[in-house]
Amino acid sequence: MAGRKAKEKRPYAVAVTTAGPVSSQGDRVQEVLDYQATKSRRQSYPKDSSTKLLSIRIDADVYDYFQNLGGDWKSRINETLRKATGLDEKS
């Protein structure tokens, strides 16, 4: 398009604080970038877990019911599903 300037590519700014002596600022930046790159791949469950992470849509009133029970409402949804399917006994 005429009259439009091309956007300049700017390098990413990284805020870094050092807790101790580091060989160079570049090494610390690389440590931060490496940490951030692996952070999304970390799991809170063991890899051999029998649970699966998924996303489902449920009716708002069902969601509200379980959430209003408080505590570990996600586990209660799982328990209810196991009972409804006849899988209430873990094998």
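The legends below describe close-up views of one predicted model.

View 1. The protein chain holds 3 helices and 0 strands, and reading along the sequence gives the pattern α-α-α. Because this is a predicted model, it carries a confidence score; the average pLDDT of the protein chain is 75, and 59% of the residues score at least 70. Confidence is lowest in α1, where the mean is 77, and highest in α2, where it reaches 93. The protein chain exposes about 9300 Å², of which carbon and sulfur atoms supply 52%, while buried residues make up 4% of its 91 residues.

View 2. Side chains of opposite charge can pair when their charged atoms come close.

**View 3. A nonpolar patch on the surface.** The residues L54, I56, I58, V62 and Y63 form a nonpolar patch on the surface, and together they have about 450 Å² of accessible area. One of these residues, I56, lies in the loop between α1 and α2, the latter being residues 60–68. I56 counts as exposed because its relative accessibility is 54%, and exposed means over 50%. Y63, another member of the patch, counts as partly exposed at 32% relative accessibility.

**View 4. The aromatic pair of Y63 and W73.** The structure holds 2 aromatic pairs, and in the one shown here the ring centres of Y63 and W73 are 5.2 Å apart, with their planes at 85°, so the pair is edge-to-face. Because Y63 lies in helix α2 and W73 in helix α3, this pair ties together parts that are 10 residues apart in sequence. The two partners can also be described by their accessibility: Y63 is partly exposed at 32%, whereas W73 counts as buried at 17%, a value that falls under the 20% limit for a buried residue.

**View 5. The aromatic pair of Y65 and F66.** The rings of Y65 and F66 have centres 5.2 Å apart and planes at 85°, so this pair, too, is edge-to-face. Y65 counts as exposed, with a relative accessibility of 51%, whereas F66 counts as buried, with a relative accessibility of 11%.

**View 6. Helix α3 and the residue that follows.** Helix α3 is made of 13 residues, numbered 73–85. At 1.5 Å a residue, the helix should span 18 Å, and its end C-alpha atoms are 19 Å apart, which agrees with that expectation. Just after α3 comes G86, which takes a positive phi of about 85°.

Technical notes: Residues are numbered from 1 along each chain as its sequence is written. This is a predicted model: local features need pLDDT of at least 70, side-chain atom pairs count only at pLDDT 80 or more; totals for chains, interfaces and linings use all residues. Side-chain values use heavy atoms; hydrogens and water are left out. Helices (H or I, at least four residues) and strands (E, at least two) are DSSP runs, numbered from the N terminus. The expected span of a helix is 1.5 Å times one less than its number of residues. Patches are made of residues with over 30% relative accessible area and no salt bridge: like charges are joined within 9 Å, nonpolar side chains (Val, Leu, Ile, Met, Phe, Trp, Tyr) within 5 Å. Accessible areas come from the Shrake-Rupley method with a 1.4 Å probe; for residues, only the protein chains shown count as cover. A salt bridge is a side-chain nitrogen of Lys or Arg within 4 Å of a carboxyl oxygen of Asp or Glu. Buried means under 20% relative accessible area, exposed over 50%, partly exposed in between (1.4 Å probe, protein chains only). Rings of Phe, Tyr and Trp (its six-membered ring) pair if their centres lie within 6.5 Å; planes under 30 degrees apart count as stacked, over 60 as edge-to-face and the rest as tilted. pLDDT is the predictor's confidence in each residue, from 0 to 100.
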